[in-house]
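Reader: I am new to this structure. Please take a close look at one part of it, and then lead on from there in plain terms.

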Amino acid sequence: MLKRVGKNKAKKTSKHLNATLQDSYEITYHSGPSPRKESHILDDPLESTQRPSTSAPIPPPPVTEEDDFFAAEEDSGPLPAYNTTPGDEKTGEKMRQTVAHMAELKSQESVFLDCLLASHHNPDVLTPCACGRGLARKVKCADCLHGVVLCPQCWVDAHRANPTHWALVWNTNERYFERHDFCRVLGSASVALGHNGRRCPAADAAKSFTLVDTNGIHATAISFCRCKTGEGQGPKPEFEQLLCAGIFPATVKQPKTGYTLNLLEHYRELRNQSKISAYSFILVLQRLADPWFSDAVPDIYTNFLAITRFHQTLDIIMCRGYAHDVDTPLDGETERPYPNRPISYLGLQCVACPERGVNMPRIVNVPNYLRHTISAFKTLDGNFKANQFTKRDNGTDISLTDGRMYFPLQQEFEEMKDKFIVVEEDKEVPCGAHIGSIRHQGSVKWGNTAISGVVACACDHAVVGSLVDMLVGEAFALGTLALRESLKRTNSPPHDKESTTPEVFSYDSWCSFVVKLRRRAIEMFPEETWLHDLLAKIEGQIPADHINGHGEECRTIWQAVYFACRAHFYGETAEVIWAFLNPLGSSTRQSTGAARHDIMNFVIDAWNTWKMLHAARLLADERRDALRLFELHMAVLEDLSRQHLDDVVEWSRLSRIATKTPDGQWHSVYQHESKTVVTIESILSTLVAEEEQTLSQVDERQPRTPVAQWIHKGIMIEREQLLTVAMLGNYRSHPLQDTWDAIVKLRESTNANLKKFREQQRLVYPRLKLSALDPDEPELTAIQLPSYRIKHGQREASNEGGTAEDQQLRAAEIQLRCGQANSGILQVQQASLGLSAVKKARDQDYRGQAGITRTKRNLQKAELLKTFEITMYNRARTALVHLGYQDHGSDTPYRLLTASDTWRKDTHLHRATGDSRLFDGTAWHLQSGTTISTVASALSSAHKRDSDDDDEPQLVASTQMLKRRAGAGSSRATKRLKDIVPEDIVVLSDAESSDEEITASSPVKGTAKKKTKKKKRDGWIWSGFATHRQDVSDESLAKYKAESDRVQWFRAEAEMYRWLEQYERKHAEFLRVIQRFGRDSDVWTGLSQREEDRAGTFNGKAAFAQMQAAMYKRLQHNAEVMFKDANSGAHNDWVKSETLEELVGKIDGWRDSVFKWMDDMDIHRAYKDF
């Protein structure tokens, strides 16, 4: 229950994880013996003027005296802004296509048609033009709004600055508007250069020219300026005149084709985002020029390929500062602005990753257990869709970005390729699993390919650092080259030992790749000792998803979450870029090698740019996620520690490092040492041994059969019968031939087993009449075990009644049924895991209709198996009730099992992808009777802002006059967290009624009430088996449960530490982003000033630098706003840090307070050993 405290109440600083000082509110906790209230903080009145927000754009800068001309218009009302169709008022969600929406449009269909058809005529056609020349109105513009009809001369005069607009000229004979180029409206019209659209007095006759714009390919004429540029000098070259007019020439000498800059920018964005091929784009332009006779439009495809590559190269050179000589130290500085980047490097570096001397100091003192705040995390991965076909003639083309962006120097690659050898030892997988990227080295994946794909090295933020072509598979030599190229980006020249950044790499083949990594680098790059030294200290892991395909050894050694100082580095980010790059493969695989490298460099650079521009927002989301999950995992660990107070002190002092035993087995505190548990098979073997000893002492002439074996056989026949019944039910719903074939075989097996069973039954019950047997339906035959006879009143369910043989039979069945129940629990667990695995894998099986059918069938089988195993367990329990072993309504020793009892995160399996976001039931129904920690409870509401906060800092939107309103970032948890993050503050304990309705009023959203959602808890089958009272099983099961509790505790601890490290690391990365944007802004400001000093005037080169500086300044401002935003999990104290060392110091001190509960329990804080 929450209650808002009045604003006049006293304010206090949050003692917990809350990031900002906030107005107080009260939480009433109901989990203890009696309700208790605690106050928490919501808003900070001292920082209300600097409160950050991620949703609102910054208002335009104040109007200066120089803007008086525009001030009058701005004062007349609110500035115009981008707007969209409003979403649903109740939910605020984006509007989706609905029946109502389409029905609304459909209802006005006739109006739309009338207006569209009316645009093909104008009542002003052939009326006198207002210019007074006596000419009739015959021309209107296809690209201007409103489409006013003018006389030809007026239309040409109005479009001298827009010569690529299409003219619609009225055809008086056939009476329709006919499309014409600008120069065909008047016979004397031409595109004039050099005199603001007017023809040069000294101009020659206009020349035919192909001008390409976004609306099509134009056949026009251009009149060049012939005025002399100076005494004794001729006119400007034609290509230069075109550039000055905004037309990019197709050639330098005698250009006859040109492209507007707007077209080149348009195509660049289309290619980068939609991966459209140049060929398709040209077809579109031809259709826009003449949709009826597009074959008559010139084909500019070949020239267009070259021009687009050259244009984007120039654009990147400008944006990276090399047109401003950025590799030269700025005034007052002795080093290059980016001192450790390669000379002339055109690629883009991640703004959040450590770059010494740029976004962090060269030397910083950080404790070893906090090294994740300064480490660089990178991933390697191969992709076979970015390949290149073998070409007979690869042309004489040259790469414009050779060695200057993400691909290495082609000459260096060719030299390495000649020495390229796939060593057989590299194909060995230590864990013995079949890992394709390891075993298929040297094998060609696709035929007729010169390049089979690329290997990429990307950072944890999915910013690509290097790309390397693959020749014949994902060879380790190529991965080593990609790793080296990525490290060069921040080690040219190399750093001193004191300023070297710790490196962590993730690769799906890391277990084999790392074996000879340093030796391989020495052989490939013998002179680069800096690389050898780095690789000697490098840390590594196998990505979280790929590790599931590795064997037991690798899953024990290389599991990322069990490594210290890794934060939540799951190591799969290199996979993210392939979805962006793969659509490009269909066009680049047909390109020349040089063009392919350039285009892929450009597209990857666009990806990196997007990541840079959104870095702060992405970090904000990740930080909020990390804080929430850290709090939840810490609450889980604290509760587990209280449950195991007698053991946790000893556990906490065990080593977290996996060790290899003398027998070659790997031991880890995160895995089970023993996987044994009492099952029906173990009990059967014990009973059979006892019976064999008894039978050896009786008269051998008396025919006897081991009772235990007979009862066990009967139980197995029961299993076959129930399975047949289950499959018959499935067959009725899904009549498939393979199901029926399985039923037939199962019935044959049941008949054979029944025959032997009934023969043995004559020896056990000589006077008992056999039950009826129908060979066609053997599943209906009664199995006359003691429990069956007791159920039907043929025997008594007590130790006192019946003969000695009856008591022996009853005791034997009780033992076997208890073993069956224990086995049944394991079988249910396994079936539950199998069903989960099928559900997780079904997306991978969707390959056409056959894949869909196969996936659905597998899912049906898995669901049937799980239901069947639950039925078998309950059958064993029912038999124990009939045998008098337990009461019908009792949960001791065996509880009735339902499907809801089968959920839990397993400890006997290796960690699975996504386990960090899944919680055992104890996370919500804590056995100690406590709630999720006060900190976690308060956070979801405490970090929200009042909707009327208007005076807090806002985000810069853009430099356009129209300000786009920033999309409101959702503060709710991600979809994957929906079922685990508490929707309310109070968490019910097991002692409380689960049906009780708890209502709460939000401190932010007013008094809206909602019913508490009952959280999914641990199924009882996972919390320890309710076993029968047998000493042998009690001991084994107790050992198994104790081991399971220990593994659960260590895994909970690891998850908590990793999310804590993630939360700390995101603050450090935020600080680096802010400093990097600030450095970029300062560099561009210095370049602008230097250019102005050199030229003696403020020119376009200086203005471009000022624009870049302003953009980075805005990015820095936005990053600072989001860095301090409470909605993104900002820590109130940490965000006040101005340097990385100050931040690290505060993090270290904060750990002492947040883990005080561990000190109180005498639990060793393991991170001190990291």
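Author: Cys-244 is exposed, with a relative accessible area of 55%. Exposed means over 50% relative accessible area, buried under 20% and partly exposed in between, with a 1.4 Å probe and protein chains only. The model is predicted, so local features need pLDDT of at least 70 and side-chain atom pairs count only at pLDDT 80 or more, while totals for chains, interfaces and linings use all residues. Residues are numbered from 1 along each chain as its sequence is written, and side-chain values use heavy atoms, leaving out hydrogens and water.

Another cysteine, Cys-200, is buried at 3% relative accessibility. Its closest cysteine sulfur belongs to Cys-227, at 3.5 Å, which is too far for a bond. A disulfide is a covalent bond between the sulfur atoms of two cysteines; here the term requires the two sulfur atoms to lie within 2.5 Å. The structure holds zero disulfides.

Next come the aromatic rings. Rings of Phe, Tyr and Trp (its six-membered ring) pair if their centres lie within 6.5 Å; the pair is stacked with planes under 30 degrees apart, edge-to-face over 60, and tilted otherwise. By this rule there are 34 aromatic pairs. In one of them, Phe-476 and Phe-513 have ring centres 5.3 Å apart and planes at 85°, so the pair is edge-to-face. Phe-476 lies in helix α11 (residues 476-488) and Phe-513 in helix α12 (residues 510-513), so the pair ties together parts 37 residues apart in sequence. Helices here are DSSP runs of H or I with at least four residues, strands are runs of E with at least two, and both are numbered from the N terminus. Both Phe-476 and Phe-513 are buried.

Tyr-1063 and Trp-1134 form a tilted pair, 5.3 Å from centre to centre with 40° between the planes. This pair links distant parts of the chain, 71 residues apart: Tyr-1063 is in helix α28 (residues 1031-1095), and Trp-1134 is in the loop between α29 (1100-1123) and α30 (1140-1154). Tyr-1063 is buried at 0% relative accessible area, and Trp-1134 is buried at 0% as well. Both belong to a cluster linked by ring pairs, whose members include Tyr-369, Phe-630 and Trp-1150.

Rings also meet charges. A charge sits over a ring if NZ of Lys or CZ of Arg is within 6 Å of the ring centre and within 35 degrees of the ring normal. The charged end of Lys-275 sits over the ring of Phe-580, 3.5 Å from its centre. For Arg-179 over the ring of Trp-166, the distance to the centre is 5.0 Å.

The backbone has some details to note. Most residues other than glycine have a negative phi, and most peptide bonds are trans. The bond from Ser-492 to Pro-493 is cis, with omega near 5°, and Pro-493 is in the loop between α11 and β17 (503-507). Leu-126 has a positive phi, near 70°; it is found in the loop between α3 (109-118) and β4 (139-141) and is partly exposed at 45% relative accessibility. Gln-254 also has a positive phi, near 45°. Gln-254 lies in the loop between β10 (247-249) and β11 and is exposed at 64%. Strand β11 (residues 257-260) contains Tyr-259, which is buried at 0% relative accessibility.
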